[in-house]
Amino acid sequence: MLFNSFEFLIFLPIVFVLYWMFYKNTKAQNIILLTASYVFYGWWDWRFLSLILFSTIVDYMVGRNLMVCKNQKQRKLFLWISILINIGLLGFFKYYNFFTESLIEGLYLIGITIQTGTLRIILPVGISFYTFQTMSYTIDVYKKKLHPTKNFIAFATFVSFFPQLVAGPIERAPNLLPQFLKFRKFSYAAMSAGTKQIILGFFLKLVIADRAGIYVDTVFNNASQHEGFTFLFATFLFAFQIYGDFAGYSLIAIGTAKLFGVSLITNFQRPYMATSVGDFWKRWHISLSSWFRDYVYIPLGGSRTKMSKWVRNILITFLVSGLWHGANWTFILWGTLNGIYILFESILFKEVRKTIFSRLITFVLICFSWVLFRANSIGEAIQIIGTIFSNPGTLFIPNGADIVTPVYALLAISMLFLYELWNEFFAEKYKPYFFQKRYAKLSFYCLIIILILYMGVFNNSQFIYFQF
Amino acid sequence: MKEIQKELLKVLFSGFMAIIVFIALDLSLGTMAKKLFFIQETGKYARITHSIEDADAEVIIMGNSHANRHYNPEILKDSLDITCYNCGVQGQGIIFQEAMLSLIYNNYSPKIILLNIEEKWFYASQSSYDRLADLNPYYLKYRATLKPIFSRDSSFREFPLYLKSYQMNSTLIHTLRYIIAPQPDIYGYVPLYGKLKAPENFRNKKATRINQNIQQKIDMNCYKALDSFCKTAALHDTKVIFIISPGIYLQNQFETLPLYNQLAIKHNIPVWNFSSNREFLYHYDLFNDNHHLNNDGAELFTSLLVQKIKEMHPFPQ
């Protein structure tokens, strides 16, 4: 089920009312949330519910065994069982065809021809997200950072909690799981904050991402027909498409969770205001960046090691992060490029000054990497980058009525820019009298809904991160 | 218990206030946007409004951008001594044409419809339904006509259309654009003045045959829409002619032509196919881009049409 669908508009109030009818009974609330989460996921394809259930049972059992087992070797064995099963499922569904095709092509280049067919595999929506979430639970229990739960329903709800099930934020068990074990309070403050986040999320998705996406898709899906300026503009729009899409989803998820008295972590913190690429990764998809930091980068040795090992650690972390995003060499290259940025930045600049210039340079570098992320293949990415530098040409302007689409996108991006600028530099220092008034705030959010209705794209488009 | 009641009351009260403020904003801003919308005199929406509410031309041209850019009503008017209006709307498919025709019949009955048909009109595509949104501003006024057509996509489609802001979705910048800079418009025809450059590998290009829509799925809703279009026209004694516009390259196949032919035979409709007309093939100077004739091309094409219409016996009265 998509957040931007009519089904969800009916689904959410029903679950909300049912859930709070049992506000005294935490167990009943968890059962309602779990059922709702399975309905939410099964709406897309009920067959893949078995995968979530299997992952849940495996990690629940492993967690329980890790608690009672004192033998370190056995504990390690349990940990590896969980990791292999989770990574195995992810690897099969997401990467089987990619690795098989890459192997065939690689062998072909050295003169060996093998006949191996690929499989027609459907990628289960959100598998990368919930797999990482359950794995972090087992790793934390293994490291004795977390006491495993006996409550299966609460654990299953933690794994499949519908607001963040298919596209994050990737929650850590120490933050989310305890919330399903205790009494959740119905509060006006949480409802109000949640609703505001949902409204902002829809603005980001329907107005910014989907508007920008129309132009971006036209250009990137016909790459051979366009010139440099067009690619520059399309890349700029893509930077906001992916931000609007993903940050929009995260905000809707966080806001929806708040309606159920559950608090999720912040996933985006004005990433395009970053002063360096390192700073960008502390603001972009925070839940994934911190996951890789804690479960890949630090276990590899982090930065407290020899220079050569540190370089290796950074590159491996970003390469895996790229691969996590998709089974395509473009993502691997995108991840590696970001790793290289971080290396150069750390080596060349001991301290990055927080100036407009540093923010602008960071934005340009990130946009450059987005070309790799969006291009359909490495060859196409090279062609696009080549065209940008060799053939500026003229800007492609869509015919007739379609011309308004990039105009709406630019208008909405300007609004977002002002909003983020305010929050980055002024929000803490100045609190205008007008915005302290309850009805002023209420009118402001009503106005945003009106803007969504005027400017949004209402064609039930998928969220980009569903494919990851 | 008391605490939750207090919180619940606060939520309900705020929700109620939000609804009031939202309705007030929707009504006031929506009404303003609608007023502005109907001020525009040129542009796509002005042409749709004219077609639905004011048109009284004996001949109307219907279809997508090919219809709008290829048929000059002034030539038809002067040569045939009839009134003519171009109702072509960019990007639209057959479902939209069916809806438009029903709306036009609410106002009057034209004598002839020149329907510029497209190969892709029968292919399954969500955009055929999504683009019906061009009629959102008219939905409440013509609900009885439009509801059965809109609900083919989804039964939920109607609900948001009760909001004035949603009815005006995506129209505001378009409206402002055409109020500030009116578009040249000759009885609905919007000419293009660019000239396509002959490609460097002109000889190779000459061999190019377009064959893009292989193995596309047919949407039977679209077939039924054209069937309904023809039936409605017959009921109102309107003569329909299916026309395929000239192309710059040879079409390998017009895969859906047999389906058009079926309906043409069923409803006794002539099909005039100009797609391989030699006066246009590889004549880059007559095209604005790979898909659209420029004004020179449109004038030549309309003149050819005039000859064909003159040859028609009996000429519809």
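Visitor: At what angle do the axes of helix α19 (residues 438-455) of chain A and helix α1 (residues 2-37) of chain B cross?

Guide: They cross at roughly 50°, and the two axes come within 9 Å of each other. Axes here are lines fitted to C-alpha atoms, for helices over the stretch in contact, with angles running from 0 to 180 degrees between N-to-C directions. This is a predicted model, in which local features need pLDDT of at least 70 and side-chain atom pairs count only at pLDDT 80 or more, while totals for chains, interfaces and linings use all residues. Residues are numbered from 1 along each chain as its sequence is written, chains are lettered from A and ligands numbered from 1 in the order in which they are written, and side-chain values use heavy atoms, with hydrogens and water left out.

Visitor: Why are α19(A) and α1(B) called oblique?

Guide: Angles under 35 degrees count as roughly parallel, over 145 as roughly antiparallel, 65 to 115 as roughly perpendicular, and the rest as oblique. The crossing angle is roughly 50°, and α19(A) and α1(B) are therefore oblique to each other. Their crossing is right-handed.

Visitor: What makes α4(A) roughly perpendicular to α13(A)?

Guide: Helix α4 (residues 72-109) of chain A packs against α13(A) at about 105°, and their axes are 10 Å apart. That angle makes α4(A) roughly perpendicular to α13(A).

Visitor: Why is α15(A) described as oblique to α16(A)?

Guide: Helix α15 (residues 356-374) and helix α16 (residues 378-390), both of chain A, pack at about 140°, with axes 8 Å apart. That angle makes α15(A) oblique to α16(A). A:Phe368, A:Val371 and A:Leu372 of α15(A) meet A:Ala381, A:Ile384, A:Ile385 and A:Phe389 of α16(A). This contact has 7 nonpolar, no polar and no charged residues.

Visitor: Why does A:Thr317 count as buried?

Guide: Buried means under 20% relative accessible area, exposed means over 50%, and partly exposed lies in between, for a 1.4 Å probe and protein chains only. A:Thr317 has 8% relative accessibility and therefore counts as buried. A:Thr317 lies in helix α13 (residues 307-325) of chain A. Leaving aside residues up to four places away in sequence, A:Thr317 touches A:Phe292, A:Val296, A:Tyr297 and A:Leu300.

Visitor: Which residues touch the most other members of the largest nonpolar core?

Guide: They are A:Tyr272, A:Trp370 and B:Leu135, in a core of 207 residues. (A nonpolar core is a set of buried Ala, Val, Leu, Ile, Met, Phe, Trp, Tyr and Cys residues joined through side-chain atoms within 4.5 Å.) Helix α10 (residues 228-259) of chain A gives the most to this core, with 17 residues. Not counting residues up to four places away in sequence, the residues touched by A:Trp370 include A:Phe238, A:Tyr272, A:Trp284 and A:Trp334. A second, separate core of 30 residues includes B:Cys84, B:Ile248, B:Leu305 and B:Val306.

Visitor: How many helices and strands does chain B have?

Guide: Chain B has 13 helices and 7 strands. Of its 317 residues, 53% are buried.

Visitor: What is the phi of B:Tyr187, and why is this residue called partly exposed?

Guide: Most residues other than glycine have a negative phi. B:Tyr187 is not a glycine, yet its phi is positive, about 50°. Its relative accessibility is 35%, so B:Tyr187 counts as partly exposed. B:Tyr187 is found in the loop between α9 (172-180) and α10 (202-206) of chain B.

Note on methods. Helices (H or I, at least four residues) and strands (E, at least two) are DSSP runs, numbered from the N terminus. A crossing is left-handed if the near helix is turned anticlockwise from the far one by less than a right angle, and right-handed if clockwise. Contact means heavy atoms within 4.5 Å. Ala, Val, Leu, Ile, Met, Phe, Trp, Tyr, Cys and Pro count as nonpolar, Asp, Glu, Lys and Arg as charged, and the others, Gly among them, as polar.
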